[in-house]
Amino acid sequence: MSRSSLPAEPPVATPRRRDVPPLVDVLDGLRVVSIPLHTKFRGVTHREIALLQGPTGWGEFSPFLEYEPHEASRWLASAIASAWEDWPAPVRDQVAINATVPAVAADRVASVLSHYDGCRTAKVKVAEAGQTLQQDVDRVAAVRATMGPDARIRVDANGGWTVDEARTALSRLCAYDLEYAEQPCATVEGLRDLRIALARQHTDVLVAADESIRKAEDPMRLALLEAADVAVVKVAPLGGVRAALEVAQRCGLPIVVSSALDSSVGIAAGVALAATLPQLPFACGLGTVNLFEGDVTVERLVPQDGVIEVRRPAVDEAALDRWQALPDRVEWWIQRVHACHDVLIS
Ligand SMILES: O=C(O)CCC(=O)c1ccccc1C(=O)O
Ligand SMILES: [Mg+2]
């Protein structure tokens, strides 16, 4: 498409070309770490993360390994935005955080929750491939039993259910009182149909969209189709704090800011976004540094007393050395930055 045929307002998630620094500057000082996870998450046991340094600080570039340059380039835009631009001014100085419970066996739930100091909301992964609904029910029951009747519990199916499966699953899981179900079905149409089906059978569970925003070419379709009650917004896949803020404002839904399984560098950007939102009715999914065995900052950005203070912790050179990835992986990430940079400037 030629420049003149573009709409007056550029699509929200596409960074403008003039914002992209030259490749040499982006690669200058690039560091790559591989941090072990306490619990397998998204099928991985280690998290590989590239970190860029620019005039305003460090930025995190950590798209999952299987993402192609087209999708991963938005994550690069986000890292660049953190390292080359200021973040918008905060309106609050702390952000309430949810515990994140991976698809573990019910008898491991208490131990997972013990890492989250003071969190009164938990997000529980469900619909994991190879597991049964009964395992989900047992896990959610264990979270309710551990946290008590006043806690808030949400589930995240990562699009793993059909509309019918979601209807069945949520009519059982709602016995444990859910604040919402995140991405129960994979498509925007599926979410919309599910909302209608749940209303018909009087299952009182809100629907939140995650992948339908962060992986969508047009995140606004969700709101247009009235396919969700809540929008999960992540900084990295949406191209940075300011781009994500624009999506949050335009979609017109209550927002939950969540992480992409980032180190404290990426979490700080999520906290910065959450801190700028005028309304923040739900706890945010930014407590995931607790799933890591290590980190890259002196002070880890983890919840204390259920909240994270709004701050940007300093990167620790010793930690970068300690978790440094092997040379072939560093080379792989350099090539990846190069390919994504090509997308951003094209
Ligand atoms: O929202 C949270 O509690 C933590 C973040 C999280 O679950 C997540 C982390 C990495 C990749 C995908 C997801 C997800 O929300 O689906
Ligand atoms: Mg999710």
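Biologist: How many of the eleven residues of H10 are buried?
Modeller: Eight of them are, so H10 is largely enclosed by the rest of the structure. Do keep in mind that this is a predicted model.

Biologist: Which residues of H10 are the buried ones?
Modeller: Val 241, Arg 242, Ala 243, Ala 244, Leu 245, Val 247, Ala 248 and Cys 251.

Biologist: And what follows H10?
Modeller: Gly 252 comes next, and its phi is positive, near 70 degrees.

Biologist: At what angle do H10 and H11 pack?
Modeller: About 40 degrees, with 10 Å between the axes of H10 (residues 241-251) and H11 (residues 264-276). At that angle H10 is oblique to H11, because roughly parallel would need an angle under 35 degrees. The crossing of H10 and H11 is right-handed.

Biologist: Which residues make that contact?
Modeller: From H10 you have Val 241, Ala 244 and Leu 245, and from H11 there are Ala 269, Ala 272, Leu 273 and Thr 276. In this contact of H10 with H11, six residues are nonpolar, one is polar and none is charged.

Biologist: Who is involved in the contact between H4 and H5?
Modeller: H4 brings Leu 133, Asp 136, Val 137 and Val 140, while H5 brings Ala 169, Arg 172 and Leu 173. In the contact of H4 with H5, five residues are nonpolar, none is polar and two are charged.

Biologist: Let's turn to annotations. Which residues does UniProt list under "binding site"?
Modeller: The unreviewed UniProt entry gives Asp 156, Glu 182 and Asp 210. They are spread over 55 residues of sequence but cluster in space, with a largest C-alpha distance of 9.1 Å.

Biologist: Where is Asp 156 found, and is Asp 156 buried or exposed?
Modeller: Asp 156 is in strand E7 (residues 152-156). It has 24 C-beta neighbours inside 10 Å, so it counts as buried. Setting aside residues up to four places away in sequence, Asp 156 touches Lys 123, Lys 125, Val 126, Glu 182 and Gln 183.

Biologist: So what about Glu 182, where does that lie?
Modeller: Glu 182 lies in strand E8 (residues 178-182). Glu 182 is buried too, with 26 other C-beta atoms within 10 Å. Beyond four places in sequence, the contacts of Glu 182 are Arg 154, Val 155, Asp 156, Ala 208, Asp 210 and Val 232.

Biologist: What does UniProt list for residues 106-201?
Modeller: The record, an unreviewed entry, has "domain: Mandelate racemase/muconate lactonizing enzyme C-terminal" there. In the model that span is 46% helix and 16% strand, and its end C-alpha atoms lie 28 Å apart.

Biologist: Last one: where does Leu 30 lie?
Modeller: Leu 30 lies in the loop between helix H1 (23-27) and strand E1 (31-41). With 16 C-beta neighbours inside 10 Å, Leu 30 counts as partly exposed. Leaving out residues within four places in sequence, Leu 30 is in contact with Ala 50, Leu 52, Ile 334 and Val 337.

Biologist: How far apart in space are Leu 30 and Gly 59?
Modeller: They are 9.9 Å apart, C-alpha to C-alpha, and 29 residues apart in sequence.

Conventions:
Residues numbered from 1 in each chain as written. Chains lettered and ligands numbered in written order. Predicted model: local features only at pLDDT ≥ 70, side-chain atom pairs only at ≥ 80, totals over all residues. Axes fitted to C-alpha atoms, helices over the stretch in contact; angles between N-to-C directions. Helix = DSSP H or I, 4+ residues; strand = E, 2+ residues; numbered from the N terminus. Parallel < 35°, antiparallel > 145°, perpendicular 65-115°, else oblique. Left-handed = near helix turned anticlockwise from the far one by under 90°. Contact = placed C-beta atoms within 7 Å. Nonpolar A, V, L, I, M, F, W, Y, C, P; charged D, E, K, R; others polar. UniProt positions renumbered as here; feature names shortened; annotations may be inferred. Buried ≥ 20, exposed ≤ 12 C-beta atoms within 10 Å, placed from the backbone.
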